[in-house]
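Dear colleague,

Please find below the structure that I am handing over to you. My notes on it follow directly after.

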Amino acid sequence: MDLHFTDAIADEGERAAIDGILGPPDSGWGGGKRDAQSSRQSVGGQAARGRRHLLLPALHAVQAHAGWISPGALNYLCARLTVPPAEAYGVASFYALFSTTPQPPTVVHLCDDIACKTRGADALCARLEAEFGPAGSSRTDAPTTWKRSPCLGLCDKAPAAFVQRAGPGREDFSAAPVSAEQVLATLRAPVELDLETSASDAAAERDRRPAEMDVVDEAHRPDQPARQPGISAARPAAPNASSTRSPSHPLTLSLHHCGAEPASLDEYRARGGYQALRAALEMGAPAIIRELADAKLTGRGGAAFPTSVKWKAVAEAPARPHYVVCNADESEPGTFKDRVLMERDPFAVIESFTIAGIACGAEQGYLYIRGEYPEATRQLDQAIAQARMRGLLGSDIMGRGVEFDIEIRRGGGAYICGEETALLESIEGKRGEPRNKPPFPAQEGLFGKPTAVNNVETLVNVLPILARGGPEYAATGTAQSTGTRLFCVSGCVEQPGVYEVPYGLSLRELLRLAGGVTASNALQAVLLGGAAGAFVRPDELDIPLTLEGARAAGATLGSGVVMVFDDTVDIQAVVVRIAAFFRDESCGQCVPCRVGTVRQEEALRRLVAGSAHPEQEIALLGELDQVMRDASICGLGQTASTAILSAIHRLGLFQGGAR
Amino acid sequence: MIVLWGSNAREAHPIFFHHVLKAIRSGAKLYVVDPRRTSSAEWADRWLGLDVGTDIALSNTVAREIIHAGLANRTFIENATSGYAEYAASVEPWTLDRGAAVTGVPADAIRALAHDYARADRAQMCWTLGITEHHNAVDNVLCLINLALLCGHVGRWGCGLTPLRGQNNVQGGGDMGAIPNKLPGFQDIEEDAGARARFEAAWGVPIIPEYGWHLTQMFAAMERGELNTLYVIGENPAQSEADGRHARHLLEGLDFLVVQDIFRTKTAEMADVVFPASAAWCESEGTVTNSERRVQRVRKALDAPGGARDDLDILSDLALRLGHDWGRPTAEQVWDELRSLSPMHAGMSYARLEALGGIAWPCYDESDPGATFLHGRLWETDETTRGPRAPLSAVGDEGPRDLLSNEYPLRLTTGRRLDSFNTGVQTGAFASPMRNGETLDLSPEDGARFNVAAGETVRIVSRRGCIEAPVRYDAGLRPGLAFMTMHFPDDVDVNDLTIDATDPKSGTAEFKATAIRIERLVERSQ
């Protein structure tokens, strides 16, 4: 609680980085110059702590400047915000993208999660270990190092890398697919990489790109001459109208903008953008919410909660102000649809988020985006700036006197922050530890005020609903699952990517759209719904992809993950990786999850190693599942065993089935 | 809103401060008025760094600003206070500019305090020794009471005037009559004949209807040769008195000195007879009363070591030797006698104290839940139930007695640190990683001005004595202000420096304001 500072002093650059977020200090007590005035009074308290929510942005600034959060920088930041340094250290050390020990300015985060595993991530990591050294190993004065990473949301282009870079003008970027040669070249000879992809390369890319809407990087493929050694940045596809091959289904979503230049507001408007916002301003909040209710829109983040109910609760809450939060912290392994939406259609995200603000009576929206999504962040940043300039955000939207603005908050690399209350904690500048519910965010959310938290895909669905009316939207799909759904197809398929299909299509049809199993190998299993989802067998492919259909089959659509494993994949290794993922990402707040995820991984490793009593281990896994399901605070612990047990019970893993 | 005026509660009252922090977390504003920017001030919405001893000037300026801004509670003033006109006239000269010039606090900070305090829905005014260890201590307290009355911040739940007590049972000591002018339950010895009669009937001895001497008067009486026998229970005056050398000289001149304590204090070493006592918090039964007037049970957990005995046993035996057989009363029997004599404790049986987890007085009978706040009568609409008016008191500003000069240019103030207590009798026995021994704390600017390095031992000279201590830099101090504790009198007796200028009304010495200079012991080679 107290402000116990160490003697460490921030250097000029660290101060400048922090002042860039907080503004210059106003007195000697905030780390400024001691003068006669500041020896006689100081101002702080509630006002200073009220800016606690700037802790994470400031930590990002320091990390981006120095490559780590030094004790001196932490002291200065804490003096400015009157946050105890011990507590701020607890925050900084919670997030994977912040380092509280010195590390090289360039860190290559290499995904070794399940989707990348199907595309050679293990071999890639093994080569790096052999030729560069184990993950994280590097002298602190070396210019580079590498780390293993959980899913980076680039599963369609696996294997993926995220390059975190500190120093002036050095931005983070993602790249996929990457080869061992590229990563090694980057690690050994870090040069200022050219972030721009030349037009000719883009054109070459376009010609051979699978004609899906999947975001494609411009990384050098093995069959192309590399312009330079090392990894270069993944960039969204250049405009290519002809490439938006509709999967022969009626598109209700605004993804049809995807072929356009995502950075152009004019082009977005030319294609009908911002008509929904104009309609929303005409309709007013109750009518908007009525349309959503008619459309039976449900949340696309995984929980499938009726959006109209959530918005209505916030809109009618007496406490003020209200907030809306866009959950763009897409971290469920195998999920990348929101990234695609943000990179390819940022204005649709902003427009629908603005409508959410109007419907919920909020004047401030926070868009919490995954820290590993640098390109989506850049796209949204510039889109928000344009929207502000054109009066589509700000104090007088479309000249109607309505106020709404959006602030982007970048996550720090923590899966748990996708849980909505952990996300709120994170925006408030704290460790991303989920809250007990109730109260629900609609009652007491961000800063204790009524808050609507919505996933990116959910928001974007508001646009077709307002454009065509709720009932017409509801005509697509089934009675209970209306509209279309984005599925993230990855793993062993010919054409991985984001597929927008109406609810009701069967899993088999979806796989057919994606070109079927790679190299016509035999299908072994499909992971439906993500790491918190369930495995299904090849004989279960007629599961209808609807909320109720998945539920009836004992599975879930979750965040729309459809990850395909052919018979060359070691499912045991996949399951262990899922267990390791949950062990790593458990926030540690509640015991069942903190301990349960560790015990679960241990039991699985014993099983893989050939346990003498597999039936005992499986019984233990069942008990752990029960305890975590019953007693964990949030969904992470409650579903940490779901996929693993489904592999055992549905696929027969460790019982003679699967491998 | 909470005002800590002359209080570093974070370090001196850590348990109380936890409650302050709870209030802060639920949105309360905190103002801290203190010459030093203390660890309490770090939590404050605003800290006002006034010059030592200018509290009355600051209060009067705040009052004038409240009155001129139309923020005074006229209804409360008219219904429940007296002396407003005179008071208002007395603060009239204290414009913000004059207040700023005298106190050193910027005018906008004074204005902010005035407006926030007056506009607060509920406000607590808390103070400690920063207010009372001055030669005009009572006037200092009165000037804070004035502010509360001016705004009607008394007699309502969540409002009030809160002197924070230095020990868990200081309040209880006064309540039980360990003050020279009151019988237990604050019944006046001179004025309350009915109370005297009740005590005389219960005790079978006459009660002399005269006030006794308080501590400072006792030392004066020693000096005059009128007091030559002293029985000291749980005090260490040899080290806790201002102008310590003089105090020890007087103690040495006594004919007979008895000390009853749980430690062998410096005073005990001078004593003719020492009664080793048991530790009240774990080796005896009884009650304590904390700052919020809450009486709580204390239970015996351990037998006292060696020949140490319960205070009650020692006193009963002593009475027997002096010819009064009190028997061997238990703590509860003594308490029940008190309840029969002190109306405000009447309803507090041990059973009820246990069941309710303590009761705040007054508690007049066994159906009375106690009182969470006092003086609620002032808000009664009926004039007779409202009772006597609360007086506003015009108080003049008087700076510290020990004036700064070219010879003594630095203002030394004293206080506590979190992990030590007073003269260290109770805390010196255990180690603390945060305890660095006595230091002379200086601002970094003064360190440069006097060319002394951190850690360098210097001589500190006042008009009464000189001591040596190492220098420590504290950025919470401004140029011209120095700070020391009184925790390590065996090593560095800070009270050799302090002035024994005492407040004639309360008898408290001016520990908080000493003029000093620093002398280097070794000239540093250039």
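The paragraphs below set out what was found, beginning with the helices. Please bear in mind that this is a predicted model.

In chain A, helix H14 (residues 337-344) is largely enclosed by the rest of the structure, because 8 of its 8 residues are buried. Among them are the charged residues Lys337(A), Asp338(A), Arg339(A), Glu343(A) and Arg344(A). Val340(A), Leu341(A) and Met342(A) are buried as well.

Helix H11 (residues 275-283) of chain A packs against helix H18 (residues 456-468) of chain A at an angle of about 65°, and their axes lie 9 Å apart. This crossing of H11(A) and H18(A) is left-handed. H11(A) contributes Gln275(A), Ala276(A), Ala279(A) and Ala280(A) to the contact, while H18(A) contributes Leu463(A), Leu466(A) and Ala467(A). By class, the contact comprises 6 nonpolar residues, 1 polar residue and no charged ones.

The largest nonpolar core has 188 residues, of which Ala161(A) and Leu510(A) touch the most other members. Helix H15 (residues 346-360) of chain A supplies the largest share of this core, with 10 residues. A second, separate core of 63 residues includes Ile2(B), Ala12(B), Leu58(B) and Cys126(B).

Chain B also holds an open sheet of 3 strands in the order S9-S10-S11, with parallel pairing. Its edge strands are S9 (229-233) and S11 (273-276), each of which pairs on one side only. Neighbouring strands of the sheet are turned by 10° against each other on average, direction ignored. S9(B) pairs with strand S10 (residues 256-261) of chain B over 5 bridges, and Val232(B) stands opposite Val259(B) in S10(B).

With kind regards

How values were computed. Residues numbered from 1 in each chain as written. Chains lettered and ligands numbered in written order. Predicted model: local features only at pLDDT ≥ 70, side-chain atom pairs only at ≥ 80, totals over all residues. Buried ≥ 20, exposed ≤ 12 C-beta atoms within 10 Å, placed from the backbone. Helix = DSSP H or I, 4+ residues; strand = E, 2+ residues; numbered from the N terminus. Axes fitted to C-alpha atoms, helices over the stretch in contact; angles between N-to-C directions. Left-handed = near helix turned anticlockwise from the far one by under 90°. Contact = placed C-beta atoms within 7 Å. Core = buried A, V, L, I, M, F, W, Y, C linked by C-beta atoms within 7 Å. Pairing = 2+ DSSP bridges.
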